[in-house]
Amino acid sequence: MILVTGAGGTVGAEIVKRLQILGARFRAAYYTQSKAEDAQRKGIDGVALDFAKPETIARALAGPDGRGVDRVFLISGNVPHQTELELNVVREAKRAGVVQLVKSSVWGAESEAFSFARIHRPVEKEIAASSIPYTILRPNGYMQNMSTFYAETIRAQRAFFLPASNARISHIDVRDLARVAVTVLTDTSHIGQAYDLSGPEALSYEEIAQKLSAVTGREISYVDISDADFRKAVISAGITAAAADAMLELFQYYNSGAASRVSRNVELLTGHAPLSFDEYARDYRSYFLPSAKAAG
Ligand SMILES: NC(=O)c1ccc[n+]([C@@H]2O[C@H](COP(=O)([O-])OP(=O)(O)OC[C@H]3O[C@@H](n4cnc5c(N)ncnc54)[C@H](OP(=O)(O)O)[C@@H]3O)[C@@H](O)[C@H]2O)c1
């Protein structure tokens, strides 16, 4: 049985959908208790799990009646102490004798060149040293960041504001990340591998704005802002100074061109060409229209 952590999140929810379609045996772990209960009502084997409480990880791995987990998909949101929290899962997975740990990491983690790379890399290293059979997924920026993080100002002001004028990013649709995750979780030939994962093309934010304009029929602009203005804006929106600085480092990494490479791995692993930004924009169009309800 597969344990999907972060099952209520952007990526985890897509993995749950795919596993349901395939009729695979899985358990979905949610941080928020009510999400676990909702899942149970829908017939999903949903459990509450807090990475900070190893006993909840052990319980989720063992299952209520000894129906143990043998494969784990590990993902955590960018929460404080993320590295330590994920290491708790590695420890418990080892103790439980899982036969595969699939860790969702980040594009460029091996470089340790920016904030999020340095959050993920120690977990990758610990997994590799743990003797647990593993697969590492290193996705580039998610296309869904547009609908999750930037749709609000797009709806209200027909614009989004980032310090990323030199960036070209081969964003990936999380539906492809989920497809890859399910592929590697159900086929042992991916043990010991680390896969860079991207969409089919590298786009600038101006090109993204043009594509969103075309699909919505509204003129949507990308506005280049300074690091200082970005920092001020995200902190006033409730993000901590440390998280704001981590995001700035990410945008510096993007501006360096390091996220513009296109990987063929989605197609090689799943047999399907990766979804393009145009397809994403078409499917998520409603998020960018003024009448859209709060994104979610
Ligand atoms: N955004 C990008 O462009 C991008 C690109 C590459 C890699 N990444 C990486 O992808 C990850 C984020 O994935 P995502 O967008 O799917 O995240 P997300 O939507 O924020 O979901 C994260 C999940 O983690 C769960 N969670 C939070 N705290 C927890 C805890 N203490 N114990 C157990 N679970 C906890 C939450 O559970 P509930 O829903 O139940 O509250 C949530 O479902 C990060 O590690 C990030 O570095 C992001």
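I began with Arg285, which counts as partly exposed because 15 C-beta neighbours lie inside 10 Å. On this scale a residue is buried with 20 or more other C-beta atoms within 10 Å of its own, exposed with 12 or fewer, and partly exposed in between, the C-beta atoms being placed from the backbone. I note that this is a predicted model, in which local features need pLDDT of at least 70 and side-chain atom pairs count only at pLDDT 80 or more, while totals for chains, interfaces and linings use all residues. Residues are numbered from 1 along each chain as its sequence is written.

Arg285 is found in the segment after helix H13 (277–283). Helices (H or I, at least four residues) and strands (E, at least two) are DSSP runs numbered from the N terminus. Not counting residues up to four places away in sequence, I find Arg285 touching Val215 and Thr216; a contact requires C-beta atoms, placed from the backbone, within 7 Å. Its C-alpha atom is separated by 31 Å from that of Ala228, 57 residues apart along the chain.

I next looked up Ile225, in the loop between strand E9 (221–224) and helix H10 (227–236). Ile225 has 16 other C-beta atoms within 10 Å and is therefore partly exposed. Leaving aside neighbours within four places in sequence, its contacts are Phe161, Leu162, Pro163 and Phe230.

**Backbone angles**

Most residues other than glycine have a negative phi. Glu112 lies in the loop between strand E5 (100–104) and helix H5 (115–129), and Arg158 in the loop between helix H7 (151–157) and strand E7 (159–162). Both are partly exposed, Glu112 with 13 other C-beta atoms within 10 Å and Arg158 with 17.

**Core and helix H8**

I then turned to the largest nonpolar core, which has 86 residues; Val4, Phe73, Leu101 and Ala181 have the most contacts inside it. Such a core is a set of buried Ala, Val, Leu, Ile, Met, Phe, Trp, Tyr and Cys residues joined through C-beta atoms within 7 Å. Helix H8 gives the most to this core, with 8 residues. I found 10 of the 12 residues of H8 buried, among them Asp176, Arg179 and Ala181. H8 (residues 174–185) reaches 16 Å from its first C-alpha to its last, close to the 16 Å expected at 1.5 Å a residue, where the expectation is 1.5 Å times one less than the number of residues. Beyond four places in sequence, Leu101 is in contact with Val72, Leu74, Val90, Ala93, Ile127, Ile132 and Tyr134.

**Ligand shell**

I counted 27 residues around the ligand, the closest being Gly8, Gly9, Val11, Tyr31 and Gly77; a residue is included if its C-beta atom, placed from the backbone, lies within 6 Å. Helix H1 (residues 10–22) gives the most to this shell, with 3 residues.

**Whole chain**

The protein chain has 13 helices and 9 strands. Its radius of gyration is 19 Å, close to the 19 Å that the globule rule gives for 296 residues, so the chain is as compact as a globular protein of that length. The radius is taken over C-alpha atoms, and the rule is 2.2 Å times the number of residues to the power 0.38. I noted that buried residues make up 42% of the 296 residues.

Terms used
Two residues are in contact if their C-beta atoms, placed from the backbone, lie within 7 Å.
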